[in-house]
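Dear colleague,

Please find below the structure that I am handing over to you.

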Amino acid sequence: MAALSDEISAYERMKNDLETDYFGQWVLVHHEKLIGTYESFESAADNAVQRFGEGPYLIRQIGIPAPSLPASVLYRSVHA
């Protein structure tokens with residue numbers, strides 16, 4: 001099973017091509033593969049949950065910097 005860090009790394013490798021063709025859309029990455037691009041976060045999330053359950057998978061808006069979360073939130077989500 002891929003870890004979230006693997007999904008992020010896969011996205012980083014695809015980022016330049018995605019930004020050229022899909023800037024502003026949402027991307028779903030699972031098992032280090034591009035699953036699809038979506039017009040909204042909700043569409044990407046619905047597809048992700050339906051296909052993969054709890055994950056891990058990455059949903060990110062293309063061309064927008066990743067959100068920065070406090071360490072306490074990150075620690076809680078990883079160790080919950």
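Does Glu12 count as buried, partly exposed or exposed? Glu12 counts as partly exposed because its relative accessibility is 38%; buried means under 20% relative accessible area, exposed over 50%, and partly exposed in between, with a 1.4 Å probe and protein chains only.

Please note that this is a predicted model, in which local features need pLDDT of at least 70, side-chain atom pairs count only at pLDDT 80 or more, and totals for chains, interfaces and linings use all residues. Residues are numbered from 1 along each chain as its sequence is written, and side-chain values use heavy atoms, with hydrogens and water left out.

Salt bridges

A salt bridge is a side-chain nitrogen of Lys or Arg within 4 Å of a carboxyl oxygen of Asp or Glu. By this rule the count comes to 3. Glu12 meets Lys15 in one of them, at 3.3 Å from N to O. Both residues lie in helix 1, 3 residues apart, which is about one turn of the helix; helices (H or I, at least four residues) and strands (E, at least two) are DSSP runs, numbered from the N terminus.

Glu12 also forms a salt bridge with Arg60, at 3.6 Å from N to O. Arg60 lies in strand 3 and Glu12 in helix 1, so this pair ties together parts that are 48 residues apart in sequence. Arg60 counts as buried, at 13% relative accessibility.

Glu32 forms a salt bridge with Arg13, the closest N and O atoms being 3.3 Å apart. This pair links distant parts of the chain, 19 residues apart: Glu32 is in the loop between strand 1 and strand 2, and Arg13 is in helix 1. Salt bridges that share partners join Glu12, Lys15 and Arg60 into one network.

Glu7 and helix 1

Glu7 is found in helix 1, which covers residues 4-22. Glu7 is buried yet has no salt bridge, and the nearest side chain of opposite charge, Arg13, is 7.6 Å away; for charge, Lys and Arg count as positive and Asp and Glu as negative, while His and the chain ends are not counted. The side chain of Glu7 does reach the backbone nitrogen of His31, at 2.8 Å, and the backbone nitrogen of Glu32, at 2.7 Å.

Helix 1 bends by about 55 degrees at Lys15, the bend being the angle between axes fitted to the seven residues ending there and the seven starting there. Just after helix 1, Gly24 takes a positive phi of about 90 degrees.

Yours sincerely

Technical notes: Polar contact = N/O pair within 3.5 Å; in protein donor to acceptor, adjacent residues only side chain to side chain.
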